[in-house]
Amino acid sequence: MIADYLTRRGYAVLRVDDRTAGLSTGDIHEATTADYAKDVETSFAWLRKNKHIDPKKIDLIGHSEGAAIAPMVAAENKEIAFIISLAGPANGYTTMMYQAISPLQRSHANEQVIAFEVAKEKMLLDNMKAAADSAGFMQGMDRDYNAYYASIPDSLRPQYNFVPTPDQYLHALAPLTPSIITPWWKFLLNYQAATYYPRVQCPVLLLGGDKDFQVSNATDMTVIATTLKDHHNTNVETHLMPGLNHLFQHCHTCLLQEYGQLEETFSPEVLAIMADWLDKTLHR
């Protein structure tokens, strides 16, 4: 949808299959977001040599993880002319906490449920960051979950009847550890946009939906814009779009389960903002 719209507005668009999709090769089991950034640099280098492309006007448009990759590439390649960030996270750890808690808060879950989910998610993320392997992760979770469970006062146990016992929880968690103790997860949890944006001097357009359950756009766009301006990049524009989910669809429940049920693919207002901003920035 984005490629089609921008092409009709007069912009060349390069679309590349992710690793292992289509005819693309490459490792995905040990790869991190930094590796995917190198893939983008390969495409950028190819574009710069393409006789049909103006090498001084190559832009990066990234969504979610792609929006985390864009400043990583632009920080190392000063020839990047512009960045359009769609729902870009400012901090990997806080983004994962937000994803666990925001649906509960918006559905008005009771305070005990939210408190448990906050504690559990923090345990998970801290041990994912600290553990060298699955065994170390499970040892840490065994220690922390047992301590949490023991800390619930007897007087509150009736209100916390939804909290599984350590045996129940750890038994259910064990089969999942190989999929979460990976280089990709570790990189994500340590990701901070402030590591890269201070070295980004090109114009930046930040877009996000206010019904996004996966990235806290109101907060994250402010953090990123402030970082840019603090480092003397004042060519920054932000749009927090009302009623849009993480995929920039007008939504009802706005939960992940609804994504595939919505007829709209991508908000036409956001498409227009992107193209108008490019026209303005390029003085077209």
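Modeller: **The largest nonpolar core**

Of the 30 residues that make up the largest nonpolar core, I80, I83, Y197, V200 and L206 touch the most other members; such a core is a set of buried Ala, Val, Leu, Ile, Met, Phe, Trp, Tyr and Cys residues joined through side-chain atoms within 4.5 Å, where buried means under 20% relative accessible area, exposed over 50% and partly exposed in between, with a 1.4 Å probe and protein chains only. At least two residues of this core come from each of α2 (33–49), α3 (65–76), β3 (204–209) and α10, and α3 gives the most, with 7 residues; helices (H or I, at least four residues) and strands (E, at least two) are DSSP runs numbered from the N terminus.

This is a predicted model, in which local features need pLDDT of at least 70 and side-chain atom pairs count only at pLDDT 80 or more, while totals for chains, interfaces and linings use all residues. Residues are numbered from 1 along each chain as its sequence is written, and side-chain values use heavy atoms, with hydrogens and water left out.

Leaving aside residues up to four places away in sequence, I83 touches, among others, A70, A74, Y197, V200, C202 and W277, a contact being heavy atoms within 4.5 Å. Under the same exclusion, N233 touches V200, Q201, C202, V204 and L228. N233 sits in the loop between α10 (217–230) and β4 (236–241), and counts as buried because its relative accessibility is 3%.
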